[in-house]
Amino acid sequence: MGYITISELKPDMVLASDLRDQSGRLLIGKGTKLTPKYIKICKMWGVIEADIVGISQEEIAAAAMGKFDPATIATAEQKVAARFVDTDMEHPAVRELFRLCTLRCAMRKICEPPPLGDRLMNDEAIPNPGVIPPAPINLDSLISEDTQLSTLPDIYTQINDIISRPQSSAHEIADVVGKDTNLSARLLKIVNSAFYGYPAKIDTLSRAVNIVGTKQISLLAIGINLVTLFKRIPATVIDMKSFWQHSILCGINARIIAGYKNIQNTERLFVAGLLHDIGRLLMYNHVPEKCLDVIASARKRRELLYRIEKEVFEYDHAGIGGLLLAKWKLPVSLENTVRSHHNPMASQNRLEASIVHLADIIANAMSIGSSGEVFVPRMDIEAWNKLGLSSSVLSLTMEQSDQQLSDIFSFFFAHENQTAR
């Protein structure tokens, strides 16, 4: 007997122990033979794994690998290992993530680092940067120099005011958001998508706010519109479609993981994931050439990008992003999570920072889009322990985010007629 992920359950399998939901409530008793109805119940109640007689996750993993010839697996492992250079392969969750990414690569899903910019498309075109002279950033001037970023449009101020008022109403937020027809349309598309999975169509903003929640819709509205603020960054520095693919994927992962932790307001985790690398856009906007040197140095030295950022600029993108959100007067919890996503144990809310930390690691491992990083960040073991999740959550999160990314990306960028790959 052994625990296997919920996605691997099949009719006629027999439970080796009682199956309970995340709150400990008994769902199905030990010795029950599973039927399609029971499996559906498990999925409805957010069960991650089940203890099954006569089979283990290791056997299922071996069988999955066995579907490919050894040469294909060896090539896939080599490609994936090149991106896992800074990870702790002794940790079971990291090993499982590596296995899942190897399977993705073997199936010829995305397995190569995405383009970062014209100058970095080809390793041979990257000069040897050597040691980059420090170039400390003045954070206050970095933000205040850009009028567009230092003073947000009026709609943000109004939405922020609504978020900050405990007694704000659905009518108020619907009235404010309704002034922007493009934003309203995109919000309604997202709320009616599989991202939420509501059985009946939601056709008005006020109904969307009533169902999803005032603060949740407000944060979602802010997140949708913030992606339009950085339009001047040239493709020679970063592929913006790639940047937002990674950011949206991280947000989706964070929302899924938050659901497994029974967090009710998962929108704030989605927006935290969406904005976790926004500080990097500010850096690309103001010091693009220096950022290209930093990216090149990270790739040459095979080190994580945020560490090189700190060496050169004295701040990494997480700290700069946190300052930017504070300047915009967004919720302190959001600012704190963005600031701490590479160091979640330093956060005031370690649980939420740990969620975005794990979501970012999964997004980087999936290699869909990039904010500049080509390696998988090292997992903070304390953060993993804080989450208290099984490694089975990794495959489930990847499966769900694969299904959701294309739709959510297209809703964010409907006006540009782009689709996620």
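Which helices each supply at least two residues of the lining of the largest pocket? They are α1 (36–44), α10 (205–212), α12 (240–260) and α21. This is a predicted model, where local features need pLDDT of at least 70, side-chain atom pairs count only at pLDDT 80 or more, and totals for chains, interfaces and linings use all residues. Residues are numbered from 1 along each chain as its sequence is written, and side-chain values use heavy atoms, with hydrogens and water left out.

**The largest pocket**

- Rolling a probe the size of a water molecule over the atoms shows where empty space is left.
- A pocket here is an open set of points on a 1 Å grid over the protein atoms alone, where a 1.4 Å probe fits, with protein on both sides within 12 Å along at least five of seven lines.
- The largest pocket has a volume of about 1,100 Å³, a volume being the space filled by probe spheres set on the points, which are joined across faces, edges and corners.
- Its lining (residues with an atom within 4 Å of a point) has 35 residues, and K43, M44, R255, G259 and Q400 lie nearest the centre.
- Helix α21 gives the largest share of that lining, with seven residues.
- Sorted by class, the lining has 15 nonpolar, 14 polar and six charged residues. Nonpolar covers Ala, Val, Leu, Ile, Met, Phe, Trp, Tyr, Cys and Pro; charged covers Asp, Glu, Lys and Arg; the others, Gly among them, are polar.

**α9 and α21**

- Helices are DSSP runs (H or I, at least four residues), numbered from the N terminus.
- The axes of α9 (residues 181–191) and α21 (residues 392–412) come within 9 Å and cross at roughly 165°. Axes are lines fitted to C-alpha atoms over the stretch in contact, and angles run from 0 to 180 degrees between N-to-C directions.
- So α9 and α21 are roughly antiparallel (angles over 145 degrees).
- On the α9 side, R186, K189 and I190 make the contact, and on the α21 side I408, F411 and F412 do; contact means heavy atoms within 4.5 Å.
- That contact has four nonpolar, two charged and no polar residues.

**α17 and α18**

- Helix α17 (residues 317–327) and helix α18 (residues 332–339) have axes that come within 7 Å and cross at roughly 165°.
- This pair is therefore roughly antiparallel too.
- From α17, A318, G319, G321, G322, L323, L325 and A326 meet L334, E335, V338 and R339 of α18.
- Their contact counts six nonpolar, three polar and two charged residues.

Key. Angles under 35 degrees count as roughly parallel, over 145 as roughly antiparallel, 65 to 115 as roughly perpendicular and the rest as oblique.
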